[in-house]
Structure formats: C-alpha cells, structure tokens
Amino acid sequence: MYLEKVGIHGFKSFDETIKLDIPQGITAIIGPNGSGKSNIAEAIRWVLGEQSAKSLRASKMEDLIFAGTQEKRPLSFAEVSLTIQNEDSVPIAFKTIVIKRRIYRSNESEYFLNGASCRLKDIQEIFMDTGIGKDGYSIIGQGQIDKVLSSKPEERRNLFEEATGIYKFKVRRQEAWQKLSKERENLLRVDDIVSEIERTLEPLRVEAEKTKQYLKLQDEIKVLDINLFLNEDTQIKNQIEASKNNLEIVNLQYNKEETRKNNLVVMQENAKNSRIEVQKSIDNLSEKIIQLEKTKEQANSHIQVSKERVCNFEKFLEDIAQVNQNASDNIANLNHQIELSNTKQIALNLEKAAKVKQLEQLEQDFDKFKQEKATKQQQLENIRQAIFDKQREVDILNFDIEKNNALSLQNQNQIDCVLTKENELFCHRGLKDATCSYWAVNHRGSTCSSMKCSNSTAHHTKTLRRKSPLSSFCL
C-alpha cells in the first residue's frame with residue numbers, strides 16, 4: 001500500500017481546501033521556515049488518531065482549527081483526509097481506502113472510512129502491523145530517531161513487533177486478558193449477589209405466608225361487598241319508584257305554570273309592540289326638530305357670511321383709495337426729480353461743448369507753435385499742462401453726465417414700476433374701464449393694455465394678498 005492523496009481543510013494554517021497528490025517514489029516538501037511543512041506531517045498524524053495536542057504543537061484541540069486573520073474569517077471546523085491504495089496489504093474489501101477525521105470548535109470529533117462514519121478503533125485495527133499509525137515507524141518526525149535509539153528495550157520491542165506483524169495479535173491478547181479480568185470480577189459480583197439473596201430467603205418465606213392469608217381475607221371481603229351492593233340496589237329501586245310518583249305530580253304543576261307563563265309572554269309582546277310604535281312617533285318628531293334647527297343654523301350662517309363680506313368690501317375700497325393717494329404723491333415727487341435731472345444734464349452738456357471747443361482751440365494753437373519748439377519749449381510745457389488740466393475737467397464732467405443719466409434712468413424705471421402696479425391692481429379687480437380712464441386723464445394719455453393685465457394677473461394676485469388682509473375675500 002502507498003499514500004496517494006492528502007486533503008486538508010481548515011487545519012492550522014490551511015484556510016482553504018488543498019489536495020496534495022503524492023506519486024510513488026520519494027516526495028519531498030520544501031519551503032522556508034513558517035510555510036507549513038510541519039503542518040502537513042502533523043495533519044497526517046492527526047487523521048491517524050493522534051490524541052495529544054502537545055504532540056501537534058497546540059495547547060488544546062480547538063487550536064488546530066484555522067483561527068482567521070485580518071482579511072479572512074475563522075472557520076468552524078477542521079478536516080483532513082488520506083487516500084491510500086490497498087494492494088492486498090490490508091485484509092479489507094476495498095482497493096482504495098479513504099480515512100477522514102473532522103473536529104469542531106465544540107471539541108467533537110468524527111471519523112469516516114470510505115465516507116461511512118466509524119470509530120477510531122476501527123481505523124487503528126485496519127492499519128495495525130502495517131507501520132501506519134500515530135506511533136508507527138512510517139511517520140518519523142524531528143528528534144524521533146534519537147528517541148528510538150535512546151529508548152528502553154521494552155519500548156524498542158514494540159517497534160520491532162509491529163514491523164514483524166505480531167503487534168496486532170499482542171494487542172488482541174491484551175484485550176482478551178482484560179475481558180477475562182472483567183468476567184472474573186463479574187463472577188465475584190454474582191457470588192456476592194447469590195449470598196445476599198440466600199440471606200433474604202427466610203424473611204421472604206414469612207412474607208409469602210402473610211400474603212396468602214391476605215388474599216384469603218380479600219376474597220371474603222369481596223363476597224361481603226357483593227351482598228351489601230345487592231341490598232343497596234333494592235333500596236335504590238324503591239326510592240326510584242317513589243320519585244317517579246312525585247315526578248308526575250310535579251309535571252302537572254309545571255304544565256299549569258307553563259300555560260300561565262305563555263299568557264304573560266303574549267301580554268308582554270303586545271305591550272312591546274305598542275311601545276315600539278310610540279318610540280317611532282317620537283323619533284320622527286325628533287328628526288323634524290333637528291332638520292328645522294339645521295335650517296335655522298344655515299340661515300344664520302348665510303347672514304353672518306354676508307355681513308362679513310360687506311365689511312371686507314368696505315375695507316377693500318378704503319385700501320384702494322389709500323393706494324391711489326400714495327401713488328399720486330410718489331408720481332409728483334418723481335416728476336420733480338426728473339425735471340431737476342434734465343436741467344442739470346442740459347447745463348452739463350453746454351459746459352461740455354464749451355470745454356470741447358476750448359480744447360480744439362488749444363490743439364490748434366499747439367500745432368501752430370510746434371515749429372517754434374526750440375525757442376518756446378517752456379511755453380509748450382505750460383500749454384501741455386493746461387491741456388492736461390482741461391482734459392481732466394472734461395473727464396470729470398463726462399463722469400457727472402453719466403451719473404446723472406443713470407439716476408434719470410433709475411427714476412424713470414421707478415415711475416414705470418409704480419404705474420404698472422397700479423394698472424395691474426385695477427385690471428385684476430375687474431375695474432379695467434375705470435382704470436384706463438384714470439390713466440388717460442392723470443398720466444398724459446397712457447392707455448391700459450388688456451393683454452398686459454391678463455398676463456400679469458397671477459403675479460399681482462400674490463402682491464395684493466401680501467398687502468391687503470381682505471384679499472382672500474375679494475379674490
């Protein structure tokens with residue numbers, strides 16, 4: 001026989017399932033320290049039945065299960081399997097022998113032989129006298145050669161007996177002697193039991209006599225009980241006859257009472273029907289009263305709502321008058337500001353024109369006297385300085401003109417915004433004709449655009465809601 005394959009899953013550092021195919025001949029596993037070479041040999045020793053955790057370099061059997069790393073989670077069990085080719089070396093009806101051992105974190109172990117659950121003893125008996133086993137000479141670890149050479153003759157003898165094939169018979173002989181010893185102990189125990197029973201025979205004989213007397217008295221008691229039962233049965237029959245007679249009398253009285261009860265029930269039904277009719281009449285009257293009260297409440301509610309609408313409308317008219325007055329005041333102020341801005345702009349334009357003319361004259365003078373540069377250099381510098389000053393004043397005037405233009409444009413936009421809001425307010429309230437007349441008279445012939453009013457209805461509806469607390473009613 002020879003080892004063909006080793007399968008390891010979850011044993012020590014083997015987190016994933018690996019299968020090592022071992023060909024015939026010499027197979028060597030090489031690698032650096034800590035790569036798991038010794039773990040493979042320990043896995044083989046463990047699957048063959050090793051029970052010592054220290055021999056496997058562990059403090060307890062649970063340490064043989066992969067404990068996990070930072071990247072991999074721990075496993076819940078460890079499993080090792082060996083596949084061995086049997087060439088008539090082992091008296092078993094399998095050409096291929098697969099043994100497997102599995103251990104869980106609860107310290108429970110399972111053994112399998114060719115997929116079937118078995119005992120550790122079954123596996124040990126199969127490989128006995130083959131050199132395969134946890135202590136067999138086919139597995140020699142580090143330091144075990146020195147241990148064999150330095151061992152006692154008795155310990156070395158076991159190794160030789162296993163190699164010669166008599167170790168299995170020696171084990172069987174030991175088991176037979178152990179069974180004989182147990183049987184001798186069982187025989188001694190049987191003798192003790194027999195002697196103990198002999199001691200209790202006499203007391204048991206006395207108790208048996210008492211038991212016989214008890215059974216005899218028990219039979220007599222049964223006969224007396226039967227006679228007593230017959231006497232009681234006769235008395236009970238007589239009582240039953242008397243009870244039947246009394247029952248007939250009671251039935252007659254019950255029939256009379258039942259007839260009376262039926263008459264009372266009929267009277268009760270009639271009274272109940274009368275009460276139901278009266279209750280229906282009362283309910284109808286109650287419903288009519290409730291309907292009249294609801295009608296009254298609805299009328300009062302309509303009156304109250306109408307009063308509130310009248311008050312809200314009066315307040316709305318007051319708000320419109322106030323808005324018109326404010327708009328007129330704002331328009332007058334803005335018109336006055338526009339007139340002032342226009343006057344300033346005209347003055348600035350006149351001043352700008354004068355300055356421009358003056359600048360042109362200076363430039364002409366500069367061209368005329370340019371030919372006299374050598375003789376009138378000082379005059380030219382003075383003229384340049386004067387031109388620079390004049391140009392600066394022109395720039396200042398241009399900046400003031402642009403500022404006034406922007407202010408005029410802003411004032412014009414404010415006027416347009418106020419006029420637009422007033423126009424949209426009147427258009428939204430359904431006062432289009434009155435508003436257009438107002439604009440025609442007060443705003444120099446401006447007209448109300450129906451398209452503009454219709455397009456801006458939604459926007460100015462929101463504006464009126466913010467300004468007037470009565471807008472919800474008016475809308």
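Asn114 counts as partly exposed because its relative accessibility is 28%. The cut-offs are these: buried is under 20% relative accessible area, exposed is over 50%, and partly exposed lies in between (1.4 Å probe, protein chains only). This is a predicted model, where local features need pLDDT of at least 70, side-chain atom pairs count only at pLDDT 80 or more, and totals for chains, interfaces and linings use all residues. Residues are numbered from 1 along each chain as its sequence is written, and side-chain values use heavy atoms, without hydrogens and water.

Asn114 sits in the loop between β5 and β6 (116-118). Its phi is near 55°, a positive value in a residue other than glycine. Asn107 also is not a glycine, yet has a positive phi of about 70°. Asn107 lies in the loop between β4 (96-104) and β5 (109-113). With 42% relative accessibility, Asn107 is partly exposed. Strands (E, at least two residues) and helices (H or I, at least four) are DSSP runs, numbered from the N terminus.

## A nonpolar patch

Ile193, Ile197, Leu201 and Leu204 make a nonpolar surface patch of about 350 Å². Helices α5 (167-199) and α6 each supply at least two of its residues. Patch residues have over 30% relative accessible area and no salt bridge; nonpolar side chains (Val, Leu, Ile, Met, Phe, Trp, Tyr) are joined within 5 Å, like charges within 9 Å. A salt bridge puts a side-chain nitrogen of Lys or Arg within 4 Å of a carboxyl oxygen of Asp or Glu. Accessible areas come from the Shrake-Rupley method with a 1.4 Å probe; for residues, only the protein chains shown count as cover.

Ile197 belongs to helix α5. Its relative accessible area is 46%, so Ile197 is partly exposed.

## Lys344

Lys344 lies in helix α6 (residues 201-368). Lys344 is exposed, at 53% relative accessible area. Lys344 and Asn404 are 60 residues apart in sequence, and their C-alpha atoms are 7.9 Å apart in space.
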